[in-house]
Amino acid sequence: MAAQFDIPTEQVVAWRRHLHAHPELSYQEHQTADFVAATLDGFGGLEVTRPTETSVVAVLRGARPGKTVALRADMDALPLTEETGVEFASTVPGVMHACGHDAHTAMLLGAAQVLVGLRERLSGAVKFIFQHAEEQPPGGALELAEDGVLVDVDAIFGLHVMNQPVGSVIVPTGPASTSADGFWLTIKGQGSHGSMPQKGIDPILVASQVVLALNTVTSRSIDPTHMAVVSVGMLQAGDAPNVIPDTARLGVSVRTTDADDRATVARRCEEIVQGVCDAYGAAYDIDWVRGYAVVDNDPEMAAVALAAARKIAGDAASEGPGTSASEDFSAYTQRVPGAFLFLGAGTAQDGLPFQNHHPKFDIVEDCLPVGVGTHVQIVLDLLDDTQEEAR
Ligand SMILES: [Zn+2]
Ligand SMILES: [Zn+2]
């Protein structure tokens, strides 16, 4: 690490462990938000507000006017029973910080503390967004964005711990995550005795044709160089071998990394369902569940983030691909230019083969100062006009 400022690593680790032991589910982050607000108040010099019951926003005004840079952490945990066995494991039955949001919150607290100390060097303002409810659509980001949290913000940055080498930083130059949508489909046929199929409309046969045809959506309607997935993850129908049931029910998951593809996939799915059902005389109900949009990293802001990360992590910071998971950070990047980064928190080589959302998910805490340093360096690179040499 080559940071030009001191990072309160021990303190960040202690915050992370405290948060980890006291996880709260989406929209219920009351104690977490209280803890964050009290800690921020303790730094002095920050304007701390609570835009919603379980979110916290703090503003640091630099010594001179200028642009406003936002940094975001999410604070919610997941409905999982922790199996890590760490001494600071969850004290709340059935709730666990299994996505690393405890680390995100602790790192952003650390960055706030460091930047308060560097206030004299800043032209502009820093807005620290401690967001609730990332894990549960419609998501806390959308709520805060619609509430106006970005009104005076010129650029926004966030990072996520991932299963990659400790302290590495990956900055995607395009899509950093996918859009995640899906639909429930009920195909309504007409039940009949299995020996008299001509008297019914077999919804299992129709569903089977729909499943096969849905598999042509990405292979025949989407540019082969684009990432897109249509997966039928659920198909339920019937109770007996000799009875044609009335209905069949499907659950389908859809992911894309491009807004046009997202619309194309939705349109083709609908056309296929309608066409196949029409051909067999079946009716249907389709019920779309819209998830988060793609996090689109702004090329300029991604370059800023990568340059800053390199000053902290050296060669361990690089451009790289996004994730096939989805993130509500998209609610911010749809409104202001920004970049979302991935921070390596350990791999199987560190004894951590578990991905985010696994009951044994854990991080190597050596990654924490890298995240703090990257946050701080991004702000310095954008708002510190007292630096003479820019590396
Ligand atoms: Zn998650
Ligand atoms: Zn997450």
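Biologist: Why is Ile7 called buried?

Modeller: Buried means under 20% relative accessible area, exposed over 50%, and partly exposed in between, with a 1.4 Å probe and protein chains only. Ile7 has a relative accessible area of 17%, so Ile7 counts as buried. Ile7 sits in the segment before helix 1 (9-21), where helices (H or I, at least four residues) and strands (E, at least two) are DSSP runs numbered from the N terminus.

Biologist: What should I know about the model itself?

Modeller: This is a predicted model, so local features need pLDDT of at least 70 and side-chain atom pairs count only at pLDDT 80 or more, while totals for chains, interfaces and linings use all residues. Residues are numbered from 1 along each chain as its sequence is written, chains are lettered from A and ligands numbered from 1 in the order in which they are written, and side-chain values use heavy atoms, with hydrogens and water left out.

Biologist: How many helices and strands are there in the protein chain?

Modeller: The chain has 10 helices and 14 strands. Its C-alpha trace spans about 85 × 40 × 40 Å along the principal axes, and 53% of its 391 residues count as buried.

Biologist: Which residues touch the most other members of the largest nonpolar core?

Modeller: A nonpolar core is a set of buried Ala, Val, Leu, Ile, Met, Phe, Trp, Tyr and Cys residues joined through side-chain atoms within 4.5 Å. The largest has 65 residues, and Leu40, Leu115, Phe128, Phe130 and Phe157 touch the most other members. Helix 3 (residues 101-117) gives the most to this core, with 10 residues. Another core, of 24 residues, lies apart from it and includes Ile222, Ala248, Val276 and Ala282.

Biologist: And what lines the largest cavity?

Modeller: On a 1 Å grid over the protein atoms alone, a cavity is a set of points where a 1.4 Å probe fits but cannot get out, and a pocket is an open set with protein on both sides within 12 Å along at least five of seven lines; lining residues have an atom within 4 Å of a point. The search finds one cavity of 30 Å³ or more. The largest cavity has a volume of about 40 Å³, and its lining includes Met162, Asn163, Phe354 and Asp362.

Biologist: How much space lies in the largest pocket?

Modeller: About 590 Å³. Among its 28 lining residues, Ala180, Arg255, Ala325, Ser326 and His357 are the closest to its centre. Strand 7 gives the most to that lining, with five residues.

Terms used:
Points joined across faces, edges and corners; volume = space filled by probe spheres on them.
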